Amino acid sequence: MSGNVTLDVDFARSFFPALNPSWSFLENAGGTLVPTTVVNRVASYMTETQVQPGTNFDASRIAAERMDEGREIMAAIINAKADEIVIGPSTTNNVYVLANALRPWFADGDEVIVTNVDHEANNGAWRRYADAGLAVREWRMDPETGELNIDDLQALLTDRTRLVCFTACSNITGSINDVAAIAKLVHDAGALVCVDGVAFTPHRAVDVKELDVDFYLYSIYKVFGPHAAILYGKPEHLARLENQNHYFVEGNPFLMLSPGGPNHELTAGAAGVGDYFNALYDHQFGDEAADTHTKLSRLFGLFADHEARLSAPLVDFLSARSNLRLFGPVSADMDKRAAVFSFVAEGRDSAEIAERLQQKGAGLRSGDFYAARCIDGLGVRPQNGVIRASLVHYNTPADVDRLIKCLDEEV
Ligand SMILES: Cc1ncc(COP(=O)(O)O)c(C=O)c1O
């Protein structure tokens, strides 16, 4: 809980021009809206400093400074330092680059563990190791609930296990995994962890140091920023990874693991996420002395409380209807789940229902959301996957009421 302070949703929403009461945006897990502060940063970068950054004429120097500001906030969101992150176009791309860079660390016959809950981003690149001499093991979810059980992972760990790749939060079930406990178990077995934080980072304060993760990924376009993504690595790992850029780009993991370099205007634009968080923090708490991590922790505490309040009636509705099957925790407890709700209606096609809901102003969708193995594992492929509604801090009780009313009419 965040003391007596509650989120001023109207103030938050005033930064997002796309939001208005005529519709409800419920597809946040696909990508969040951006505040005007991000738009302004991208616009000023492109109008004033769209030059190669990092040399000594004014526009170039300022361009580099603006990109540095973007890097700082993207690192701070997970309590990392700017030189501990790599910026790429997407998490999918970042995992591919990481998988290539890590391969020389492993010997033939070594084992890598992936899950069948994860989005394909933290799956496919690792599963390709099977063609390159490694053994790939699958940590399987409970097919009824979609939950990963730590005991099942324990049983898969051997003295050949080198890497365990799993998600902090499923983009289908919303279920949160105990990343710190899993990382400890894996480290005790002598292996590394690579954590997909894409579905988790928009909802909770993340501290990669406290979690003690080796690699952590998230996409800033799902955390109110532009379309770019972050790979964090422990500095001692980043320093040892094989260069994936031009042979002469040496000594700088930020460039070595970002072939071609990051998108300039979007890196600079990410600083607008920091502008937004600062404005919201000042409005809610007005304590300018706090350091960035403390500010983000307090702000995300407000987000979690707000999402819990939004989630409670939705969980009640979805679990009370006997013809609906909700995946993940049947709970609005934000320690157990994020506000990502996937469900199917008995004997009904999810795409057909989603279309009806869309026509009534619900901005959501259906499908497998690129977590194809999860959808197959849950046995809902024949229904065209799940219907997914995902909420973030700028959603309102009216959004939830609209969804419940539409569902009540359509299923
Ligand atoms: C949990 C999760 N991981 C990874 C990704 C892939 O992210 P990107 O689009 O940045 O490759 C997504 C995108 O939906 C996701 O939800």
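A polar contact is taken here as a pair of N or O atoms within 3.5 Å, where within protein one atom must be able to donate a hydrogen and the other to accept it, and residues adjacent in sequence count only if both atoms are side-chain atoms. The model is predicted, so that local features need pLDDT of at least 70 and side-chain atom pairs count only at pLDDT 80 or more, while totals for chains, interfaces and linings use all residues. Residues are numbered from 1 along each chain as its sequence is written, and side-chain values use heavy atoms, with hydrogens and water left out.

View 1. A backbone N or O atom of T91 lies 2.8 Å from an oxygen atom of the ligand. On the side-chain part of the view, a polar atom of D196 is 2.5 Å from a ligand nitrogen atom, and an N or O atom in the side chain of K222 is 2.5 Å from a ligand oxygen atom. Of the 390 Å² of accessible area that the ligand has on its own, the protein covers 90% (Shrake-Rupley method, 1.4 Å probe).

**View 2. The shell around the ligand.** The surrounding residues are S90, T91, T92, H119, A121, N171, D196, V198, A199, S219, Y221 and K222. They divide into four nonpolar, six polar and two charged residues, where Ala, Val, Leu, Ile, Met, Phe, Trp, Tyr, Cys and Pro count as nonpolar, Asp, Glu, Lys and Arg as charged, and the others, Gly among them, as polar.

**View 3. T161 in strand β5.** Strand β5 comprises residues 161-167 and includes T161; strands are DSSP runs of E with at least two residues, and helices are runs of H or I with at least four, each numbered from the N terminus. T161 is buried at a relative accessible area of 0%, given that buried means under 20%, exposed over 50% and partly exposed in between, with a 1.4 Å probe and protein chains only. A polar atom of the T161 side chain lies 2.8 Å from the backbone nitrogen of T158.

View 4. N100 belongs to helix α4, residues 91-102, and is partly exposed at 45% relative accessibility. R103, in the loop between α4 and β3 (111-115), is buried with a relative accessible area of 18%, and a polar atom of its side chain lies 2.6 Å from the backbone oxygen of A132.

Definitions and conventions. A residue is near a molecule or strand if one of its heavy atoms lies within 4 Å of it.
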